[in-house]
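Q: I would like to learn how to read an interface between chains. Where do we start?

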Amino acid sequence: MNKHIIVIAEHMEGALADITFEMLGKAREIADAVSGSVTVVVLGKDLEPFVRKLGLADTVLLVEHDALAEYVPETYAQALATLLLERNPWLVFFGATSMGLDISTLVASRTNMPFLAMAKNVTADGSVVVTSQIYGGKMFLDAVVTTFPAVISILPGAFKADAGMAEKETAVERIAPSLAESEIRTRFEQLVHPEAGDVDITQFPLLVSVGRGIQNKENLAVFEDLAEKCRSAVAASRPVVDQGWLPMTRQVGRSGAIVKPKAYLAFGISGAPEHVEGMKNAELIIAVNTDKNAPIFSVAHYGAVEDAMDVAQALAEKISGAQQ
Amino acid sequence: MHVAVIMKQVPDLVEELEVDPGGKLLDRSWLRFIPSEYDEHALEQALLVKEEFGGTVDVFAVDIGEPDEMLYTALAKGADRAFKITGEFDYGLNNHTLADVYLPFLKREPYEMILNGVQAIDDIDGPIGPILATKLGLPYVGVVSGMKPDPSTGTVHLRKEYPRGVLAEFRVAMPVFIGIQAAMKPPRYVPIARIQKAMRAGGIVEVAAEAPLETAQQVVGFDVERMYKPEAGRGAEMIEGSPEEIAERIFQILNENGLVR
Ligand SMILES: Cc1cc2nc3c(=O)[nH]c(=O)nc-3n(C[C@H](O)[C@H](O)[C@H](O)COP(=O)(O)OP(=O)(O)OC[C@H]3O[C@@H](n4cnc5c(N)ncnc54)[C@H](O)[C@@H]3O)c2cc1C
């Protein structure tokens, strides 16, 4: 069997997303090990500038059309399903991103290809084994692919983007998608950029970040106080923002900010993959959580199994004491 | 507006999860179930639509975990009908199976919108929304955190979340399947007395699954070899002691890095 891996590129506003390189690097590694090949598929319009950056692929396949100028789940899924059925790959990689979450499953369903989600690793040593991270990062699952082609969605951050970056000449193929445009019921309107917030959490060398473990909005005061004492700001996980305790501008993670402070203090944050995506590159991560099995302890450099409020309060007192 | 919401029960991550002796599934004997977080947002969003535009909200759940309380809560919050689909449902992780179970019930009614949570913590074969949307032939948009239906044009305006706080706006012709990331307001609280009242009124409609078993148990192209816990605290140096001692050590670490004085 021809071991052909197709990587579905992701890009926005003229830039390829890191996930593209993360997947490409891994696909290259696997293809080299099994004497296979890698094609990166890019959908959109005016895609030529991307080609050069995708030098690790054997082929870059540009699928260009006005209707693909912006990501529309229905249109992209339609174009990709037809393409994958024609090309009959061995493995297909999508990113488990906001876009990938829609189209990976839509395409797998349309083509009846088996689908594995939330992959943290893929190995092809004999059989293809996918390691998925489920239950908010609290369990791993190893699954062997038994039917090919198989579609796999890869968690952002699972692989190094650097390993997928190489600027060199590569074969380019251009095709027009087969689209039944009259069937498309979804229309893209516009992108809306966030308004500048009260604070820019990406600018602080130290971040005090809080999760659902702080229990309620009233307890925020403890962390605001701590943040003030160490000239920092309070960042948060998604539930804290969804509950309306803090504005969206404070959210760290997949749909929030990507932060790289010198130190990230995670209070009552479980460490779900979507959160970790946004903070894993902090130089120093210190987590306080009452659950000794919380996945955050796997990315943290230091951890403590304790009540978040008690530690934050004690730390704030310690800092005031030292400042006097 | 005639809206359906699909909800499911997932293991409560606050409890310790264990792998069953076979090594491939969660040990279900001690599992505590709760409604999937994003499904609660989907329900809230449906109720907000009903409040603004009128219409009905139907909630569907299969009999996995403890769906009764979830469904009575939905009724107490304002859902019109709650359906519990019963059958032999101990399949664990397979959303393709669940999609086949839901399918006939969703086909039967002319829903203008079907909402569910964009993702659940056990979606190993992908979120159920895109699978069902494909089977129903409906357009799908996921990771949605804002919507405004326009009944006069039969469309709905959606806001989908991208990284770094960017939103993409779409307009979709109804009927549509929407994967909700967050409702436009936090899910409402409903007093326990109202839930108990709903329970006494007994409003859940029980319906038997119609999907034939061979479809329901179809293999999805992979064999689970093993399930296991990540090593606890792998990598992290654990700080022991009282909160004060922990704070002292964190202070020291931050101080060494020049972050506090
Ligand atoms: C498409 C998509 C995008 C997403 N984007 C993001 C994103 O950008 N950012 C993000 O954060 N999430 C995002 N999520 C959500 C993510 O999956 C998790 O649900 C979320 O990160 C969990 O937040 P949490 O850790 O605060 O809450 P939980 O997972 O509920 O964890 C709370 C933690 O607090 C601990 N705790 C409880 N009490 C205490 C106490 N007294 N003291 C100390 N600890 C305590 C618990 O042990 C637990 O570990 C996204 C999800 C999806 C599907």
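A: Start with a definition: a salt bridge is a side-chain nitrogen of Lys or Arg within 4 Å of a carboxyl oxygen of Asp or Glu. Between chain A and chain B the count is six salt bridges. In one of them, the side chains of A:Arg212 and B:Glu37 meet at 3.2 Å, N to O. This is a predicted model: local features need pLDDT of at least 70, side-chain atom pairs count only at pLDDT 80 or more, and totals for chains, interfaces and linings use all residues. Side-chain values use heavy atoms, without hydrogens and water.

Q: How is the size of an interface given?
A: Often as the accessible area lost when the parts come together. Here about 7400 Å² is buried between chain A and chain B (1.4 Å probe, summed over both). Carbon and sulfur atoms give 62% of that area. In chain A, A:Tyr135, A:Met139 and A:Arg185 lose the most area to chain B, together 10% of what that side buries.

Q: How many residues does the contact take from chain A and chain B?
A: Contact means heavy atoms within 4.5 Å. Chain A gives 84 residues and chain B gives 85 residues.

Q: Which strands are joined by bridges between chain A and chain B?
A: Strands are DSSP runs of E, at least two residues, numbered from the N terminus. They pair if DSSP finds at least two bridges between them. Strand E12 (residues 186-192) of chain A and strand E9 (residues 167-173) of chain B run antiparallel, joined by six bridges. A:Arg187 has B:Arg171 as its bridge partner in E9(B).

Conventions: Residues are numbered from 1 along each chain as its sequence is written. Chains are lettered from A and ligands numbered from 1 in the order in which they are written. Buried area is the accessible area (1.4 Å probe) that two parts lose on being put together, summed over both. Helices (H or I, at least four residues) and strands (E, at least two) are DSSP runs, numbered from the N terminus.
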